[in-house]
Amino acid sequence: MRHIISVLVRNHPGVLSHVVGLFTRRSYNIESLAAGVTENPEITRITIVVTGDDRVLDQVMKQVNKLVDVLSVSDLKYDQAITRELAIITVKTTLQTRGAVIEIANVFGAKVVDMSEDTITLELSGTERVLQNLVRLLKPFGISEMARTGMIALAMKSSEEQ
Amino acid sequence: MKKTGAKIFVETLLEHGVNTIFGYPGGVLLPIYDELYHAPIRHILTRHEQGAIHAADGYARVSGKVGVCMATSGPGATNLVTGLATAFMDSVPVVAFTGQVSTHLLGNDSFQEADIYGISIPITKYNYLVKDTARLKEVMYEAFYLATSGRPGPVLIDLPKDVQTTQIDEPKLPELTLPLKGPHYTPEERKRQLELILSLISKAERPVIYAGGGVIKSEGAEKALRHLAEKAKIPVTTTLMGKGAFPETHPLSLGMLGMHGTRYANYAVAKCDLLIAVGARFDDRVTGEPSTFAREAKIVHLDIDPAEVGKIIQVDAYLIGQAKDLLQELAEGIEPQGLASHEEWLLQIDQWKRDFPLSYPKKEGVISPQYVVEQIYEKTQGEAIITTEVGQNQMWAAQYYKCSRPRSFISSGGLGTMGYGFPAAIGAKIACPDRIVFDIAGDGSFQMNIQELATAVYNKVNVKVAILNNGFLGMVRQWQELFYGRRYSQTRLSGNPDFVKIAEGYGALGLRVETPEEVPLAIERAIAEDRPVVIDFHVDPEENVYPMVPPGGAINDMLDRKEK
Amino acid sequence: MKISGSEIFIRSLKEEKVSHIFGFPGATILGIYNQLLDSDIQHILVRHEQGAIHAADGYARASGKPGVCLVTSGPGATNTVTGVATAFMDSIPVVIFTGQVPTSMIGNDAFQEVDIVGITRSITKHNYLVSQVKDLARIIKEAFHIATTGRPGPVLVDLPRDVLMDEAEFHYPAEVSIRGYKPNYIGHPKQIEAALKLIAKAKRPVIYSGGGVIRSGARQELLELVNKTNIPTTSTLMGLGGIPGDHPRFLGMLGMHGTKYANLAVTECDLLIAIGARFDDRATGKLEKFAPKAKYIHIDIDPATISKNVRVHIPIVGDAKLILREINKAVVPGDYSAWIERIEEWKREFPLSYQQDDEIIKPQYVIEQIYDLVKDRAIIATDVGQHQMWVAHYYKFNDRRMLLTSGGLGTMGYGLPAAIGAQVACPDKLVFDIAGDGSFQMVLQELATAVQYNLPVKVAIINNQCLGMVRQWQELFMNKRYSGVCLKCAPDFVKLAESYGAVGLRASKPAEVRPVLNEAISVNKPVVIDFRVACEENVFPMVPAGAGIEEMLLS
């Protein structure tokens, strides 16, 4: 099973090595890891997507929580979290296919951020599933390069209150 | 008034009551060594940085205080790595200071530069690279706090040279801003767990307590453990790290469990219906194949570290906290009259004890290594501090030296570091000058840090080394005998030195013992001597450690000596 | 046919033509040790894993072949860390195999488990944790490839116990293809052309030669360049032997303890040609004052070294030997005669010197005598500290692979095991370890190894009864406040040698030095010589830390 773990850490040089080092040391598999500052510049939020059963998740959370720099760890349930990922995708195009690519982009609400004779670069933020769908539809045209940020997430306040 | 980082460093050590440092100087540490010149801190100069950190570790284990060591940048720092990992695996509060090249040279592959911060991430509880003198005092306060609080462990502080020389205004006493993590369970949940445990205890017919190093580390926990065991009549087995948590001469003691544990301890664990683990971590050397471990039992886990709960084995109930507090709480919570009877269980255990005592063959004219340990036990009345190296010597020491009090059996349990025992003995003796300290060593292990003889002699650290000299890397040889058809590959130590002559070369006393009759006399002589002594016991070269659980086996399925 | 991981390991090493392994057994690697019994690979059993890795390193430096070291998990692995860092800093091709607990236990804090891959990330060129037996042969192939190509360096391979027990078909890959690793050997012709122009225009050029010349085997090419152009040449510690030590254009070593004339030449030069050197702080002193008037040409295999510490005008990335060949084909020197004359004057004015004494042995004298006796017949290993610098000053290295010393990490205790490794690699050569009394004590247990395999290394302890280099700094910069440096309580080294079954000798007077050395050389056994030297002798010249290299203390 996949889990999104949201970790708040003290923001200082070296903290990422500690977190990443833990994952390699304990040989947990992570799918993605994204880090960025929070509303408080002294605190960084790291969002980690891991795969494993509940026992693995339990261990990951406890071990992460043990790190001195970690302020809190929470398991964001998929259905109770707002998740987003940003992708930048460069697609190969010809005069014939350019229109079709732009049309797909429009349907997804992706922005065209660059264009050349034979490529278009799109930007899209959305849930993982939306990104996957876009990638699937663009693939036949030929994706020449892609960069994804990895998932970031916050707990959904409205679902907590229910 | 302005102060240099080096001065702040020494003052902060003094504020933490540090009076002994184990170290080795070098170029980038010169400012600190200059401050130490007049400071009321005893600096023990070792002969290799590995000796310094093991000595600090031994000092910490017997005293309960933080062990402090110091090494220069580059190779000095990397020479600490094994010692850091040793302390980390056994949760020992050590603060290690390393010199570092000046901040403007960092990352340039400068002379004697090593990224000890990155290197030590997996083997420290926490580590720091101090880049600003203004942060130094605060970092040191945090480090001492982290090393000793919660589950203890080593903390490393990397100190660039310019941070030591920069002058700043007198820093304020820092307020610790470390994140305080709330309990990970609610008070209600805790209450539920406690009640569950108490009810499990009251219903158990065949309970066993499995006590680990956490009981040693929690001040006074051994008394709480004894109180609980006696009140509820529960037999106690300990891990290697837990030796001394419960008197091994006590009728309820089962001795050590695990790969080389007693048969009765392992049988008791295999047959028990309730296992109360306290300050122990279900290490593979204890559990054998985890799926077979205590499979008839409900399992209760008491530990300071929430991450240990459920790491190896699913537990039925648990509590998080200091071993002493938790054991006291349980002892207070149980009512002896409400307990199920353990009569039958205790009789069964006594039967096992009679049927399967620890034993070894006594051969004419040949010294059994176990006999040496027994004699050390006799001659020191069980009151000595014992350090061990790693391998057969370690297991024989654990089996035959019965410990009655905590902080008296000092051994590298988790990392299994050969060469640990001798420098650890030096640290232990410095911490407890009034106690007899014996390092029970193998000939292979002792050679690894033999250079520290100079440290012991110069500082008049009166430790005794008993080498169980079998001319082999004995434990590996034993595995080769049992599992590889006696194909002894690279385990014979040809070219062993003459240990007596070496001891003399260092100005220590060297004794050689070749017959069983000489054993007690040599030990008496060593104890009487007011200087370091090395005794070279020529023991039966192919004696094995039994009983033994083969790796990956179930712990009640033990190999034993073949009847001849 | 499927074979076990242990067997794959041995067969892969055979494919790599490994003939010697330095190691120490343990539970996790018993399978390999069992296979070793049936193999013709010779295993040298050391007494501490630090000895194994330094010996493998010394073996590599002396032979040019990769050194191989095999240790168990946990403490076995961590005991190699200093040696791995030593090899890394000096770019030595070593492959380290560490045992590991079974994959199912990794991360459980199992007995003798340590995350050695995480620990060594910053001190290896590359490292691997093998998780499946089917990858083992490929990874071993890659490890040797990475260790020995490009800028060489240590590669560590972590071998879980179950991977060694599992079975797979054995296919040793014929070639290696690693996407992110394609070292460049050929220098860019345009850059070479630009360099040639600078050389022709220069009035006061200096060659600054480093360990890269040794690693690349570019000695002949460098010599040809110097002979063709007459460019004065200085060397780093790691580069000694890259050009004959008695060559008239050789300036000796530069840097903190370099010769005054080398440092003056670098300070005054208008063109600095750095070859396989990395502008280390011990060579450059204060960077702003290093060769301030010069244009820089930098030849190096490692693009990351270019302009790391100084801004280089003409970088040439590639193999020193190949690049020097190209340069030699077309080089047209300028007229440097005035420059050479000026340097000769400096050489006369500021020679290396020390005060000889009739009663007390001067450490420099011991080294001169060793050189005088054995010259090019010997391989010299050193430890770290004053004696290391005196060796650099007073021993003339006329060939590469003659000097084994820890230059980058500065590891005390490197010398004896490195000498053992060198003796294994070169059984017919005379191998000396010139050691300090402090350094020697760090690894003296390896005397047992030398005795067991009858490796007749000669250990010359320059015994000044203190940590001499640190003491020197305390004398010069801390008003003689000697803190933590006294080694007065040392063992009796002669007795110690004898208790290991080696020969122990002592010299306390200058007149005894030569006879004792003769005796040491004549016995075919390991020998330890305790040279009781003057305690407070200092290494001069010396550039104080943070100063420019021309600002030298001469005494």
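Predicted model: local features only at pLDDT ≥ 70, side-chain atom pairs only at ≥ 80, totals over all residues.
How many residue pairs are in polar contact across the interface of domain 1 of chain B and domain 3 of chain B? The rule finds 10, counting pairs with both residues at pLDDT 80 or more.

**View 1. The domains of chain B.** Chain B is assigned domain 1 (2–169), domain 2 (187–355) and domain 3 (369–538). Taken over C-alpha atoms, the centres of domain 1 and domain 3 of chain B lie 29 Å apart. Each of these two domains brings 25 residues to their contact.

**View 2. Where domain 1 meets domain 3 in chain B.** About 1,900 Å² is buried between these two domains, with carbon and sulfur atoms giving 64% of that area. Look for B:Arg47, B:Arg61 and B:Val62: together they supply 31% of the area that domain 1 buries against domain 3, more than any other three residues. The count of salt bridges between the two domains is 0. On the domain 1 side, helix H3(B) gives the largest share, 11 residues. That side divides into 9 nonpolar, 11 polar and 5 charged residues.

**View 3. The interface of chain B and chain C.** Here 82 residues of chain B are in contact with 80 residues of chain C. The buried area is about 7,000 Å², 59% of it from carbon and sulfur atoms.

**View 4. A salt bridge between the chains.** Chains B and C share 5 salt bridges. One of them joins the side chains of B:Asp109 and C:Lys308, at 2.7 Å from N to O. Among the residues of chain B that touch chain C, 37 are nonpolar, 27 polar and 18 charged.

Technical notes
Residues numbered from 1 in each chain as written. Chains lettered and ligands numbered in written order. Heavy atoms only, no water. Contact = heavy atoms within 4.5 Å. Buried area = accessible area lost by both parts, 1.4 Å probe. Salt bridge = Lys/Arg side-chain N within 4 Å of Asp/Glu carboxyl O. Nonpolar A, V, L, I, M, F, W, Y, C, P; charged D, E, K, R; others polar. Domains from an automatic or database assignment. Polar contact = N/O pair within 3.5 Å; in protein donor to acceptor, adjacent residues only side chain to side chain. Helix = DSSP H or I, 4+ residues; strand = E, 2+ residues; numbered from the N terminus.
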